[in-house]
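Reader: I have a few "how do you know" questions about this one. Can we go through the terms as they come up?

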Amino acid sequence: MEVPQDYESYPVPPARFKSFTDANLKHLKLVRERTRTTIHEPLPEGTTQADILNDQPPESIPDFDVSVLERPRIDWILEGGRFEMFNDPWPIYEGRPTLPEPTMPDVVPRPPGVDQREALHKMLETILRGWYTVLGSLTEHLPVNDTALTPWDEDIHFMNSIGISFMNAVNSYRPLQARTSLEELLMKQLRERRAETKLIHERCDAIETNLATLRAQAQAVREQADTTRNLVVDNLHRRQPATVANPNGEATIEDVFNWAQDIELHK
């Protein structure tokens with residue numbers, strides 16, 4: 001079962017895109033070269049596409065005018081005021097309407113140097129009240145004369161005018177919004193950099209404290225080692241007179257005994 005085109009995610013392209021084959025484009029090029037005509041230019045009078053392509057295989061010659069494969073004519077699009085895309089007509093949009101215009105009155109006061117925020121708040125309240133009015137108008141009976149304006153037609157026209165004026169006034173604050181957003185972004189970056197700098201300083205202070213503690217411990221160990229060495233030297237000096245060196249420079253049994261006692265004392 002085929003799915004209707006309205007329910008597809010993307011519209012189906014027009015069937016004419018299948019005509020853009022290499023063979024058809026080759027035939028178009030041959031027609032232009034042999035007739036010495038340019039794009040969008042009609043063929044010479046009395047000349048047909050079949051006569052021009054008579055040396056080509058008959059089954060390869062299309063049954064339509066190959067000139068339709070050329071790009072669209074811009075002058076025709078401008079003259080018609082619209083173009084087609086995926087079988088849907090689209091008007092040519094030449095620019096954004098400006099305010100005020102006869103068909104689009106501007107209801108926002110715009111004197112120089114006047115803050116428009118109060119007017120924007122009032123317009124927002126007017127829009128909300130207008131939608132409630134439109135909902136109330138939809139509950140009324142339709143008029144007998146279809147050509148007459150219904151109550152909600154007038155309300156919707158009023159809402160369109162208010163909405164366009166509101167959007168135009170809000171867009172005038174876009175530069176201020178961009179500048180404020182940039183200032184907030186820069187302030188956020190500044191706060192983050194200050195926090196990172198503070199964290200780096202705290203880490204540096206902690207490292208300096210640890211280094212100072214290590215220096216103090218190393219100094220204490222060094223002082224203790226000096227004290228121990230001095231005690232050993234003093235003890236050896238005190239024992240030196242009691243020992244009699246061997247005239248031959250050899251260690252006696254008494255020297256070895258004293259050396260063993262010194263080691264035993266300093267264990």
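**Pocket and helices**

Author: To start with the lining of the largest pocket, its residues divide into 14 nonpolar, three polar and nine charged. Here Ala, Val, Leu, Ile, Met, Phe, Trp, Tyr, Cys and Pro count as nonpolar, Asp, Glu, Lys and Arg as charged, and the others, Gly among them, as polar. Bear in mind that this is a predicted model: local features need pLDDT of at least 70, side-chain atom pairs count only at pLDDT 80 or more, and totals for chains, interfaces and linings use all residues. Residues are numbered from 1 along each chain as its sequence is written, and side-chain values use heavy atoms, with hydrogens and water left out.

Reader: Why is His27 called buried?

Author: Buried means under 20% relative accessible area, and exposed over 50% (1.4 Å probe, protein chains only). His27 has 3%, so it counts as buried. Leaving aside neighbours within four places in sequence, His27 is in contact (heavy atoms within 4.5 Å) with Leu53, Gln56, Ser60, Ile61, Pro62 and Val66. His27 lies in helix α1, where helices are DSSP runs of H or I, at least four residues, and strands are runs of E, at least two, numbered from the N terminus.

Reader: How do you know that the span of α4 agrees with its number of residues?

Author: The expected span is 1.5 Å times one less than the number of residues. With 22 residues, α4 should span 32 Å, and its end C-alpha atoms are 32 Å apart, so the two agree.

Reader: And which residues of α4 are buried?

Author: They are Ala119, Leu120, Met123, Ile127, Gly130, Val134 and Ser137. These cover an arc (taken from the directions from the helix axis to the C-beta atoms) of only 90°, which puts them on the same side of α4. The face turned away from that buried side carries exposed residues, including Arg117, His121 and Tyr132.
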